Amino acid sequence: MNNTINVSIDCVPAALREFFAEHSTIALAFSGGTDSSYLLYAAKACGANVHAYYVSTPFQPQFELDDAKLLAESLHADMTVLPFDVLTDKVVKSNPKDRCYYCKNQVFGGILKAAKEDGFTEIMDGTNASDDAGDRPGMRALKEMKVLSPLRLSGITKTALREYSRNAGLFTWNKPAYACLATRVPSGISIEASVLRDVEWAEKSLSDLGFRDFRVRVYPDPAAADPKADAPWCAKLQLTEDMIPKLMEQRKEIALKAEIYGCDTGSCGENTVDVGNVSHICTSDLMLCIRRSAKVYKTGNEYNRLNFTGHTRS
């Protein structure tokens, strides 16, 4: 099967053409997402000497790497995968509020080192004009390391980016934004690789059922005697309102996946009712606990949290 994507300068706006005319040899921090995928396409269409670097860490799910490889192959672009266990950094693992700053320093430091060895002195990323720069820790790290963001510099918004990508024939044109797995753990809670693997499994399982634009968020069980010990973790799935009907329709499939995974599907206590008895959901963002059994917690006088309860896999 031929997956080759034929590049065309017509799918690249003038401002971006000018950027690559001035930066004709450049490395790309590549994630396989919509932004960096289009940036790789644009660089190839403009005839730039570009090399994509994908940093594989416990924070990225397998599908991101698979997408990155497929996209690079389709564009006949050079791509290097850099395995890196970012959790060896004690600060990153401790998960402070500015974790992204330290993580970006580690990740982009690795890319800069590899790129320099390959003869590249400049590096770019896929930050676009819709991204809020503000005082975000990750943005601060990129600025300090002089990482270029041509999409942002060219004034290309996320909406325009998706349209350019669609016209270019990129399968990533409508790919949902996907924050790294570390964002599923509350700040201040140490990040465990095993928990991230559980999150990845849960999100893949739900994605396989057709769910989109959701997050599985985890936290240590507040009922544990010692939260710092080897205590079980709780997990909640955040869904947008348009996914609620699908959730109600497929609740049995979700419960079955939990059982196959070795979940405890027993009783959740006196304050629970069967999923089928839910009459309404009183929130735009549904919090679904995939923690192991198909029951619904009753919160106050309204069902404003739909939970599948249990614990993450040990």
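How much accessible surface does the chain have, and what share of it belongs to carbon and sulfur atoms? The accessible surface comes to about 15600 Å², with 49% belonging to carbon and sulfur atoms; areas here come from the Shrake-Rupley method with a 1.4 Å probe. Keep in mind that this is a predicted model, where local features need pLDDT of at least 70 and side-chain atom pairs count only at pLDDT 80 or more, while totals for chains, interfaces and linings use all residues. Residues are numbered from 1 along each chain as its sequence is written, and side-chain values use heavy atoms, leaving out hydrogens and water.

Now for the layout. You'll find 11 helices and 10 strands, taken as DSSP runs (H or I, at least four residues; E, at least two). Of the 314 residues, 45% are buried, meaning under 20% relative accessible area, with exposed over 50% and partly exposed in between. Strand S5 (residues 214-220) has 5 of its 7 residues buried, so the rest of the structure largely encloses it.

On to the charged side chains. There are 8 salt bridges, each a side-chain nitrogen of Lys or Arg within 4 Å of a carboxyl oxygen of Asp or Glu. In one of them, Asp35 meets Lys158, with the closest N and O atoms 2.7 Å apart. Asp35 sits in helix H2 and Lys158 in helix H8, so the pair ties together parts 123 residues apart in sequence. Asp35 is buried at 13%, whereas Lys158 is partly exposed at 22%.

Glu64 and Lys175 form another, at 2.6 Å between the closest N and O atoms, and both residues are buried. Asp67 joins Glu64 and Lys175 in a network of salt bridges.

Conventions
Buried means under 20% relative accessible area, exposed over 50%, partly exposed in between (1.4 Å probe, protein chains only).
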